Amino acid sequence: METKQFQTALPEQALQCAQVRALIEERGGLRAYVHTYGCQQNVSDSERLQGLLLEMGYSLAGAPEDADLILYNTCAIREHAENRVFGNVGALKAIKARRPGMKIGLCGCMMQQEHAVQRILEKYPFVDLIFGTHVLHRLPEFLYRLLTGEKRVVETGTEDTAIHEGLPVHRDGRIKAWLPVMYGCDNFCTYCVVPYVRGRERSRAPEAVEREARALVQAGYREITLLGQNVNSYGKGFSEPCGFPALLRRLDALEGEFWLRFMTSHPKDATRELIDTMAAGRHIARQLHLPVQSGSDRVLAAMNRRYTAERYLSLVRYAREAMPSLTLSTDIIVGFPGETEEEFRETLALVKEAQYDSMFAFLYSPRPGTPAEKMENQVPHEVKTRRFAELMQLQEEIAKAKNRRLQGQRLRVLPDGVQPHQPGFLTARTEGNIFVNLAASPDRIGRFTEVEITSAHAWMLKAKPVEPGA
Ligand code: SAH
Ligand code: SF4
Ligand code: F3S
């Protein structure tokens, strides 16, 4: 399967890569700047875009002002995300005016949305390149066309649904890596644009995932996060069955010192087999991101989530029993159309019961083309913000109390960088992915370290290393 996909488009692109490289050499070098909005899927795509750019002979610029090519990889999940992109693209006009010959490109999820592309085409004439999520691998071709005089390149088709293995990847970090295992989403939650902008669900072959994971471990990466909009439906349509727990077990068998994480799990597809696999794993972090979205069965049904609050909670109970140290996080949408005060209280009750370690809460944002956008009884903004504040306050209390219990405990953490503006301190994460401010020297970065938690707050822990033998 992989080999066939490899043959579909990449040789052509390899040729275009070489042609762009020759053009860049002729011009004495060109610099590219990539900025990423949105989720880890986009971050991972940008790592492939950067890989392609380096392959073409671009060097990477540290700031847009220094670049000959600016690429914004955009997100369409909420209106706020889109508005930020429009604002930031508007600001590029002045930069481009000072740097004639500079090219500006937009890609990613927003570019699969008709209204966004129309607005760019009409109001932002200085944007040279627009391409969607399905044709990312054709970047060499697009740049070749621009560099040889084509005025504007616009490619937003959805017909290319193959997975193109073999693209070069340039990762920003050396310690933590994103590893996509599947693309797209088939769930059509009624509020969400992802199925429209990312297309149908398709999984990478387990061999391809394993090969990339093994190479990462061998290169010294200490944490690998498997990515997919709904990792638990991994493997749908494979001729030889390999579900997500089976994939996890395969990667867990790799030798080396690393943590394996994954996101996102849709509760309707997360199984007890998944939990058992996590509990038995050697490398699998006991950490689960399980977005619940709402605690009301009526709202969950209107969202097309296909589980009930009780079914969700019974999985949480099972997971906590199997892994007492489990760290659990979630996403919640506040103010879905028609959400009553009582239904919101059901969400608060579920949050109390689930005892999340962390939460991402969002004000419902109507997205063009989704069923929820057309639903009646849209919740007024003031009501949404009040509910949001109440939810966040509850979560803060829960997280504070949970973290307080960690005070004085010894844990293993992975330091991943220096604290900006705080000499003598590192940033680190626990196995549960809780943020730690660690008093230690930079030689610890990338090395698993035993620490003692010295103080605990709602959003982070402070810690110091435990000296061997202490
Ligand atoms: N595939 C993942 C998450 C995708 S988007 C999942 O199913 O859980 C990340 C989060 O953004 C979602 O979990 C949801 O809480 C939020 N979200 C998605 N669409 C939204 C919208 N229209 N308004 C507000 N929040 C939204
Ligand atoms: Fe969106 Fe639902 Fe798919 Fe997640 S599962 S990406 S929320 S449609
Ligand atoms: Fe945004 Fe696309 Fe991710 S819409 S959240 S970048 S899949």
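**The ligands and what lies around them**

Tutor: Ligand 1 is surrounded by 15 residues, and the closest are Tyr191, Gln229, Gln293, Asp331 and Ser365. To surround a ligand, a residue must be near it, with a heavy atom within 4 Å. This is a predicted model, where local features need pLDDT of at least 70, side-chain atom pairs count only at pLDDT 80 or more, and totals for chains, interfaces and linings use all residues. Residues are numbered from 1 along each chain as its sequence is written, chains are lettered from A and ligands numbered from 1 in the order written, and side-chain values use heavy atoms, without hydrogens and water.

Look at the polar pairs at ligand 1. A polar contact is a pair of N or O atoms within 3.5 Å; within protein, one must be able to donate a hydrogen and the other to accept it, and residues adjacent in sequence count only if both atoms are side-chain atoms. Gln229 uses its backbone: an N or O atom there lies 2.8 Å from a nitrogen atom of ligand 1. Gln293 uses its side chain, with a polar atom 2.7 Å from an oxygen atom of the ligand.

Now move to ligand 2. Around it stand Cys185, Asn187, Phe188, Cys189, Tyr191, Cys192, Val194, Pro195, Gln229, His266 and Arg305. Tyr191 and Gln229 therefore belong to the surroundings of both ligand 1 and ligand 2. By class, the shell of ligand 2 holds seven nonpolar, three polar and one charged residues. Here Ala, Val, Leu, Ile, Met, Phe, Trp, Tyr, Cys and Pro count as nonpolar, Asp, Glu, Lys and Arg as charged, and the others, Gly among them, as polar.

Ligand 3 has Cys39, Asn42, Cys75, Ala76, Ile77, Cys109, Arg198 and Gln229 around it. Five of these are nonpolar, two polar and one charged.

Next comes the packing. The largest nonpolar core has 55 residues, and Leu226 and Phe262 have the most contacts inside it. Such a core is a set of buried Ala, Val, Leu, Ile, Met, Phe, Trp, Tyr and Cys residues joined through side-chain atoms within 4.5 Å. Buried means under 20% relative accessible area, exposed over 50%, and partly exposed in between (1.4 Å probe, protein chains only). Helix H11 (residues 309–322) gives this core the most, six residues. Helices (H or I, at least four residues) and strands (E, at least two) are DSSP runs, numbered from the N terminus.

Stay with Leu226. Beyond its neighbours within four places in sequence, Leu226 is in contact (heavy atoms within 4.5 Å) with residues including Leu179, Val231, Phe244, Leu248, Leu251 and Phe262. A second, separate core has 29 residues, among them Leu92, Ile95, Cys109 and Tyr124.

In H8 (residues 244–252), the buried residues are Phe244, Pro245, Leu247, Leu248, Leu251 and Asp252. They sit on the same side of H8 because they cover an arc of only 160° around the axis, taken from the directions from the helix axis to the C-beta atoms. An α-helix has 3.6 residues a turn, so residues three or four places apart point the same way. The buried side of H8 packs against helix H7 (206–218), strand E10 (223–227), strand E11 (259–263) and helix H9 (272–280).

Step back to H7, where Glu212 is found. Glu212 counts as buried, at 12% relative accessibility. Its side chain makes a polar contact with the side chain of Arg204, at 2.9 Å. Leaving aside neighbours within four places in sequence, Glu212 is in contact with Arg48, Arg171, Leu179 and Arg204.

End in strand E13 (residues 327–334), which holds Ser329. Ser329 is buried, with a relative accessible area of 7%. Not counting residues up to four places away in sequence, Ser329 touches Leu288, His289, Leu290, Tyr356 and Ser358.
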